[in-house]
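Reader: I am new to this structure and would like to know what the terms used for it rest on. Please take them one at a time.

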2 protein chains.
Amino acid sequence: MSSANQPRNVVALSGGIGGAKLALGLYRVLPRGGLTVIANTGDDFTHLGLHISPDVDTALYTLAGLANPVLGWGRRDETWTFMATLERLGGDTWFRLGDGDLALHVERTRRLAAGETLSRVIAGVAERLEIAARIVPMSDDPVRTRVRTAEGELDFQEYFVRHQCRPVVTGMGYAGAQNARPAPAIAAALADPALEAVVLCPSNPYLSIAPILAVPGIREMLAATAAPVIAVSPLIGGKAVKGPTAKIMTELGIPVSPAAVADYYGNLIDGFILDQRDAALASGLKPKVKLADTLMNTLEDRERLARECLAFASELR
Amino acid sequence: MSSANQPRNVVALSGGIGGAKLALGLYRVLPRGGLTVIANTGDDFTHLGLHISPDVDTALYTLAGLANPVLGWGRRDETWTFMATLERLGGDTWFRLGDGDLALHVERTRRLAAGETLSRVIAGVAERLEIAARIVPMSDDPVRTRVRTAEGELDFQEYFVRHQCRPVVTGMGYAGAQNARPAPAIAAALADPALEAVVLCPSNPYLSIAPILAVPGIREMLAATAAPVIAVSPLIGGKAVKGPTAKIMTELGIPVSPAAVADYYGNLIDGFILDQRDAALASGLKPKVKLADTLMNTLEDRERLARECLAFASELR
């Protein structure tokens, strides 16, 4: 066990809101600077000419304490004058952008056009928001999650927001992934001798974690890291807390079970945190299992689950 | 005199707020569809990656009844969350963009990038805002007013907003003007047999009207039009109602006098509306002169001055 004076570094792989909840828990229980979040950018898209990075921004807003607790996305204390005006002008309004949120998109787009990498832009924003953690996009190169559905192939945001996950999913692709390089900070974070754990947050394995793993090199770096890699089940009692994970698993013909998620991650993970409500399923899982209450309603829940992850990693070392 | 059933078409050349006041007066006294505003685009610039057309937008907001009466620019009932957030992110905040105003800039930038002309974009916005007048940019090609000052050459908005007109002006240039073509609607408007008058609004002659006249062909079309061309003095009692007209004239060594403005327009104009407070100067002016109260504080003032313009044009025909 590390003492209080030693660095306690953790890498979390995260998608949107569910993953960000656990990332916030880790952020709060680790020493300042101990957390690195590798965020999915497969959901990124260009909308109204602006580069939008939904999962990166959810991480930024969540760790900065700016996340909107009612909507589950965007910023708290948000105003909507832009959107109302855009609607009056006949613009595209299916993707809701708050006035404050827009500042981040405009500033990111401007800096990217000026030649900065996404990593650099996000690090700059995190610094301005006084976030004492590294938030790293999985890649500075474009990767775009494409959802193959019974109604044709859709961009992720079209599937997720415009069509509200209604189309039946037949498969997923991560366009651009094969030519993408991991963001520069990822190798250093995963090779860090002080790394205690890598946590695959309870995000959608297929839509949020898979794009990260599709970037060549990241899977290999995870396999090579000395720290234990643990995944937290995104399913409780056969259901996802939020989002289309269960629906997609059903449509893909995968049993809606934590065992299927653990199998999907395969030998990438050393341990699996199973919700205690699913204790009966533990014997069917291949990796080492720890039972925990994985439901994160309160801030205390997030911190408690984060501590369980760290304790589990400590057991696995 | 035209009867109430005949079309009564008027073209107004306008810069920002001063010109838009008279344009609004004309809009209100003419039959629906009778007004064409040719707006200066020399003030246009790209800021935060967005194409901003300040004078076009002032015309749009003014005729749509959306102009901010307190600020004198931007929209009424505006919110400022974007700007406050951008400041927190360390972005550029010297040019203030309201949340609603931003919708127009984002939408315009998107449509221009998609290949639409500025004329088409503005016509579409005017239609959405239910403006029963044509608002036409002077050109769909970029023209950028550059202000030569004792502190070096500045982009117009840098001079006007960032430096608040403080640098001493030594000259002006209209970059791109020589290769710019008049927007397509201009030729038709000026050749219209039903055209009653062309009005050079009381905008800054050097910064707002000159860029329009610098577009090759516009000066010739104004000379060829059958309708009388009249200018409204931007000076009252040796001062501009608003803006740097008098300061610039002084710095350029031009007498701060309506006569100098009339001389500047030269034989382009058939008549000149002089403020009644300057009646003593009438004998020094070369074009035909009409005295009027040119101060436009109220909506009634704008309509009254518009009627004076139309009456003067009728006398000159």
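Author: Two residues are in contact if their C-beta atoms, placed from the backbone, lie within 7 Å. The model is predicted. Helix H8 (residues 205–213) of chain A lies across E6 and E8 of chain A, and H8 runs at about 25° to E8(A).

Reader: What makes E6 and E7 of chain A a pair?

Author: Two strands pair if DSSP finds at least two bridges between them. Strand E6 (residues 144–149) of chain A and E7(A) have four bridges, in the antiparallel sense, so the two count as paired. Within E7(A), Leu154(A) stands opposite Val147(A).

Reader: Why are E7 and E8 of chain A said to stand at the edges?

Author: The open sheet has three strands in the order E7-E6-E8 (chain A), paired antiparallel. Strand E7 (152–155) and strand E8 (169–175) each have a single partner strand, so one side of each is left without a neighbour in the sheet. From one strand to the next the twist averages 25°.

Reader: How many residues of chain A are in contact with chain B?

Author: On the 7 Å cut-off, 24 residues of chain A are in contact with 25 residues of chain B. Helix H3 (81–88), helix H4 (99–113) and helix H5 (118–128) of chain A each supply at least two residues of that side of chain A. H4(A) gives the largest share, 10 residues.

Reader: What classes of residue does the side of chain A that touches chain B have?

Author: That side has 10 nonpolar, eight polar and six charged residues. Gly counts as polar here.

Notes. Residues are numbered from 1 along each chain as its sequence is written. Chains are lettered from A and ligands numbered from 1 in the order in which they are written. This is a predicted model: local features need pLDDT of at least 70, side-chain atom pairs count only at pLDDT 80 or more; totals for chains, interfaces and linings use all residues. Axes are lines fitted to C-alpha atoms, for helices over the stretch in contact, and angles run from 0 to 180 degrees between N-to-C directions.
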